[in-house]
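I opened my notebook for an afternoon of looking things up. Here are the entries, in the order that made sense to me.

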Amino acid sequence: MIARTASALLSRTYNRYLLASVVALGFDTGLFLLLLHGGLPPVAASAAGYIFGLAMHWLISTRLVFDGGVASEGAARTGQKMLFVLTGLLGLTITMAVVGTGHWAGLDPRLAKLAAIVVSFQATYMARRLLVFRA
């Protein structure tokens, strides 16, 4: 019974995180494509989009995904924000590395970005679930 309840909670959290990620990804990718079209190099466009998406993700995550694990105001909340940003930097590093490697290898930057999304999503979810929003 307890294992089933824990599994259901994890599943709901994961599904909400997935939905939040899709919304944030829309902001990320939209800015990425806009900047890429404007002539910004792929890695820089990817980084800018990711940072904008990260800000959107914080807003959604703290209100709809991990609402039970959000620290109250003060030092605990500030620490949580810092950990969220650090996990975002992990995702940003993964994104830039994958896009940069893909670009270096002659891959279309949009395809490299798709690969980066998959890897970055899993890494940041696990880090945020285990480190940032521990219940």
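**Starting from S120**

I began with S120, which counts as buried at 5% relative accessibility (buried is under 20% relative accessible area, exposed over 50%, partly exposed in between, with a 1.4 Å probe and protein chains only). A note for myself: this is a predicted model, where local features need pLDDT of at least 70, side-chain atom pairs count only at pLDDT 80 or more, and totals for chains, interfaces and linings use all residues. Residues are numbered from 1 along each chain as its sequence is written, and side-chain values use heavy atoms, with hydrogens and water left out.

S120 lies in helix α4; helices here are DSSP runs of H or I with at least four residues, strands are runs of E with at least two, and both are numbered from the N terminus. I then looked up what S120 touches. Not counting residues up to four places away in sequence, I found Y50, G91, I94 and T95, where contact means heavy atoms within 4.5 Å.

**Helix packing**

Next I turned to the helices. Two packed helices are described by the angle between their axes and the distance between the axes. The axes are lines fitted to C-alpha atoms, for helices over the stretch in contact, and angles run from 0 to 180 degrees between N-to-C directions.

How do α3 and α4 pack? I read an angle of about 160 degrees, with the axes 9 Å apart. α3 and α4 are therefore roughly antiparallel to each other (under 35 degrees counts as roughly parallel, over 145 as roughly antiparallel, 65 to 115 as roughly perpendicular and the rest as oblique). On the α3 side the contact list includes F84, G88, G91 and T95, and on the α4 side it includes K113, S120, T124 and R128.

For α2 and α3, the axes come within 9 Å and cross at roughly 150 degrees. That makes α2 roughly antiparallel to α3. I noted a right-handed crossing here too. Among the α2 residues that meet α3 are Y50, L54, H57 and W58, and among their α3 counterparts are F84, G88 and M96.

For α2 and α4, I found an angle of about 35 degrees and axes 12 Å apart. α2 passes α4 in a right-handed crossing.

**H57**

H57 is buried, with a relative accessible area of 7%. Leaving out residues up to four places away in sequence, H57 touches Y17, A20, S21, A24, F84 and R128.

**Rings and charges**

How many aromatic pairs does a search of the whole structure find? The search gives eight. Rings of Phe, Tyr and Trp (its six-membered ring) pair if their centres lie within 6.5 Å; planes under 30 degrees apart count as stacked, over 60 as edge-to-face and the rest as tilted.

I picked out F84 and F133, an edge-to-face pair at 6.1 Å centre to centre with 65 degrees between the planes. F84 lies in helix α3 (residues 75-104) and F133 in the segment after α4 (109-132), so the pair ties together parts that are 49 residues apart in sequence. Buried or exposed? F84 counts as buried at 2% relative accessibility, and F133 counts as buried at 1%.

I also logged one aromatic cluster, formed by Y14, Y17, F121 and Y125.

Then came the charges. The charged end of R128 sits over the ring of F84, 3.8 Å from its centre (NZ of Lys or CZ of Arg must be within 6 Å of the ring centre and within 35 degrees of the ring normal). The charged end of K113 sits over the ring of F32, 5.4 Å from its centre.

**Two last look-ups**

L35 is found in helix α1, residues 2-37. L35 is partly exposed, with a relative accessible area of 25%. Leaving aside neighbours within four places in sequence, L35 is in contact with L40, A45 and A48.

M82 lies in helix α3 and counts as exposed at 53% relative accessibility. From M82 to R16 I noted 22 Å in space, C-alpha to C-alpha, and 66 residues in sequence.

Conventions:
A crossing is left-handed if the near helix is turned anticlockwise from the far one by less than a right angle, and right-handed if clockwise.
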